[in-house]
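The sequence and the model are shown first.

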Amino acid sequence: MPFDQFTPRSFTPVSVRTNAPPASGIYGISNAREWIYIGETDNIQASLMNDLRQGDSALLKRCPTGFVFERCDPAGRLARQHRLIVEYGPVCNRGW
């Protein structure tokens with residue numbers, strides 16, 4: 001089952017601060033060709049901002065351009081993350 005909110009938002013600090021909630025959930029980062037990473041967190045906005053600051057990370061080397069997210073209860077986050085990783089096969093989650 002795809003992300004609840006499938007239309008990506010721009011993966012920039014301004015867009016993350018404007019669009020990502022400081023809430024529990026799942027988020028995905030992508031570029032025009034592939035899903036790069038799917039994460040789970042207590043704070044979607046803070047995790048995305050942290051990902052943007054990781055200067056020489058494998059994630060940023062893949063030139064991410066967009067992110068999506070969905071709010072998710074902490075009790076169900078890991079299971080939902082796992083389903084999305086199986087469905088999308090993000091490159092930075094391989095071997096997870």
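## Sheet and helices

Strands β2 and β3 run antiparallel and are joined by 6 bridges; strands (E, at least two residues) and helices (H or I, at least four) are DSSP runs, numbered from the N terminus. Within this pair, Tyr-27 has Gly-39 of β3 as its bridge partner. The model is predicted: local features require pLDDT of at least 70 and side-chain atom pairs count only at pLDDT 80 or more, whereas totals for chains, interfaces and linings use all residues. Residues are numbered from 1 along each chain as its sequence is written, and side-chain values use heavy atoms, with hydrogens and water left out.

The open sheet comprises 4 strands in the order β1-β4-β2-β3, with antiparallel pairing (two strands pair if DSSP finds at least two bridges between them). Its edge strands, each pairing on one side only, are β1 (9–10) and β3 (35–41).

Helix α2 lies across β2, β3 and β4 and runs at about 30 degrees to β2. Helix α4 (residues 77–88) also packs on the sheet, where it touches β2, β3 and β4, and its direction makes about 175 degrees with that of β3. Contact means heavy atoms within 4.5 Å; axes are lines fitted to C-alpha atoms, for helices over the stretch in contact, and angles run from 0 to 180 degrees between N-to-C directions.

## Nonpolar cores

A nonpolar core is a set of buried Ala, Val, Leu, Ile, Met, Phe, Trp, Tyr and Cys residues joined through side-chain atoms within 4.5 Å. Buried means under 20% relative accessible area, exposed over 50%, and partly exposed in between (1.4 Å probe, protein chains only).

The largest such core has 13 residues, and Phe-11, Val-16, Ile-29, Leu-48 and Phe-67 have the most contacts inside it. Two or more residues come from each of β2 (25–30), α2 (44–53) and β4 (66–71), with α2 giving the most, 3 residues. A second, separate core of 9 residues includes Phe-3, Val-68, Ile-85 and Tyr-88.

## Salt bridges

The whole structure contains 4 salt bridges, each a side-chain nitrogen of Lys or Arg within 4 Å of a carboxyl oxygen of Asp or Glu. One of them joins Arg-62 and Glu-34 (2.7 Å, N to O). Arg-62 lies in the loop between α3 (58–61) and β4 and Glu-34 in the loop between β2 and β3, so the pair ties together parts 28 residues apart in sequence.

Arg-77, buried at 9% relative accessibility, forms salt bridges with Glu-40 at 2.6 Å and with Asp-42 at 2.8 Å. Glu-40 is partly exposed at 29%, whereas Asp-42 is exposed at 56%. Through shared partners, Glu-40, Asp-42 and Arg-77 form one network.
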